[in-house]
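User: I have a protein model open and want to learn to read it feature by feature. Could you take me through the terms, then the cases?

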Amino acid sequence: MAVAAAGGGGGGGRAQRSGWLEVLVRERWHKVLANLGGEALVLSGEERPDGAAHNGLGGDGAACRGAEGGGGAAAVRTAFTDPPEQVPEAVSNKKRCVKVLKQELGGLGISIKGGKENKMPILISKIFKGLAADQTQALYVGDAILAVNGTDLRDATHDEAVQALKRAGKEVLLEVKYMREATPYVKKGSPVSEIGWETPPPESPRLGCASADPLSQLSLSIHRDKKTIPLKMCYVTRNMMVSDPENRLIEVHSPDAKHTVVLRSKDSATAQAWFNAIHSSVNELIPRVIAEVRDQLGKTGIAGSREIRHLGWLAEKVPGDNEKHWKPVLVVLTEKDLLIYESMPRMKEAWFSPLHTYPLLATRLVHSGPGKGSPQSGVDLSFATRTGTRQGIETHLFRTETSRDLSLWTRSVVQGCHNSAELITEITTSCTYKSQECRLTIHYEHGFSLTTEPQDGAFSKTIAQYPYEKLKMSSDDGIRMLYLDFGGKDGEIQLDLHSCPKPIVFIIHSFLSAKITRLGLVA
């Protein structure tokens, strides 16, 4: 994790804000310039009069927050994780040719430093574990790249080396030479480079640079004194990972949920201005993300649905006694489901395996407004959903970042429920009525019908049929029994649904709510 402290802010506007900040790396503060563009937040290292960057404290990944179960610093080899004494003596100062098969996802998987302008050779400063370069088991942090596919890089600038690596085809032949004496330079660098944000680019959608070249989306595009944080599908929040009694912090979480950069401003007002600017930039990119995901998924859809109606990050309350324990979740609304992911899916297949899937037809909004654990003093931005499932009722409490977000999400959930009712139209479930096996059908337009199960090829018979306006009351025992009172001479109808009745109870509510709203009445 990297923590930054800001002085003043810059000018307003989505692509105009800039200002000086301080970045805390390994318990030391380093001054950087923050520039907020339309699609990225750029942190630039402060330059000395001689043009050299401040000496950072090293690159063992202390500036990143690893995800539970892996990721983070452990995913990158540096001069700290691979010290010179671990490099075989037979390799030192000898030219070697290493063939690397560039991957579609992740490219070569290296980061470089140096160049003619720095009076240094092109040096491998980081190797991403599991990617192409690491898989060769023949490349080391501190290797000087002398040539790429025969193109000499001994006199190349940093940018020329980047372009040569980008132009290389799938099969890349690197001529390298390990330079033990260059290790201090590989370790040295701007503290900006210690901010953990270097993960392979996702396949869907393209969350990194605009370029389609995977290599360009890795940290090769990050120079030693500049860190570019693409804002597409970042989660911008406050009071999530770090206690903020003075209300001066802003947290920017990476789409893969592995890294967090925390910004601190000189006062609450400046912090709010920075937050609003970054948050607005992220929100303006969401329609493009939805379009990219639609294109990437094609006709296969997403987790059983056809299209995405809305998506974004929310804070979800973690069950327990700690009122302030929240976690980031990615919530996706389709035409019929509410999907919850722990991070932005990188691969197409990951879209098909959400952490939770809840049918909107069996989901209702039950809370929106004042509650506990507000991110801002005196302002509550939370809402809750309840879903009827075969295991009972599942409740989720979510927190948004702004009042506008709260309105958008609550409106989207309610409208999604109503649209789902009109789309699905009818549900049927087996049940037992007066010791007879039957089927209960609930139709969006026609109401309730109870029919016998067809026997030996015979047609089913209608036992009872009621429109919605006849329903006086409904209840259930929470286990398997559903009670429907239509006010007839038979009194209350008792149905054994053979499983938890909550999904049916919630679906009845959704059908009724959708019909009332369609009539222009308040649900």
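Analyst: Start with burial. A residue is buried under 20% relative accessible area, exposed over 50%, and partly exposed in between, using a 1.4 Å probe and protein chains only. Y341 is buried, and W351 is buried too. Some ground rules follow. This is a predicted model, where local features need pLDDT of at least 70, side-chain atom pairs count only at pLDDT 80 or more, and totals for chains, interfaces and linings use all residues. Residues are numbered from 1 along each chain as its sequence is written, and side-chain values use heavy atoms, with hydrogens and water left out.

User: What share of the protein's residues is buried, and how many helices and strands are there?

Analyst: Of the 523 residues, 51% are buried. Helices (H or I, at least four residues) and strands (E, at least two) are DSSP runs, numbered from the N terminus. The protein has six helices and 29 strands.

User: How do I read strand pairing? Which strands pair with β16?

Analyst: Two strands pair if DSSP finds at least two bridges between them. Strand β16 covers residues 308-317. Its pairing with β17 (residues 326-334) is antiparallel and spans nine bridges. Within it, L311 faces V332 of β17. β16 also runs antiparallel to β22 (residues 392-399), joined by two bridges. There, A315 has R399 as its bridge partner.

User: Is β16 mostly covered or mostly open?

Analyst: First the general idea: in a regular strand, side chains alternate between the two faces of the sheet. In this case, nine of the ten residues of β16 are buried, so the strand is mostly covered.

User: How are aromatic pairs judged, and how many does the structure hold?

Analyst: Rings of Phe, Tyr and Trp (its six-membered ring) pair if their centres lie within 6.5 Å; planes under 30 degrees apart count as stacked, over 60 as edge-to-face, and the rest as tilted. The structure holds eight such pairs. Y341 and W351 make an edge-to-face pair, with 5.5 Å centre to centre and 75° between the planes. Y341 belongs to strand β18 (residues 337-341) and W351 to the loop between β18 and β19 (356-359), so their pair ties together parts ten residues apart in sequence.

User: What about Y466 and F486: why is that pair called stacked?

Analyst: Their ring centres are 3.9 Å apart and their planes lie at 5°, so the pair is stacked. Y466 sits in strand β26 (residues 462-466), and F486 in the loop between β28 (481-485) and β29 (492-496), so this pair ties together parts 20 residues apart in sequence. Y466 is partly exposed because its relative accessibility is 22%. F486 is buried because its value is 5%.

User: Which charges sit over rings?

Analyst: The test is NZ of Lys or CZ of Arg within 6 Å of the ring centre and within 35 degrees of the ring normal. The charged end of R364 is over the ring of F506, 4.1 Å from its centre. K515 lies over the face of Y444, 5.4 Å from the ring centre.

User: What is a nonpolar core, and which residues touch the most other members of the largest one?

Analyst: A nonpolar core is a set of buried Ala, Val, Leu, Ile, Met, Phe, Trp, Tyr and Cys residues joined through side-chain atoms within 4.5 Å. The largest has 27 residues, and I442, L495 and F511 touch the most other members. At least two residues each come from β23 (426-433), β24 (436-443), β25 (447-452), β28, β29 and α6 (502-518). The largest share, seven residues, is from α6. A second, separate core has 25 residues, including I122, I127, V148 and V176.
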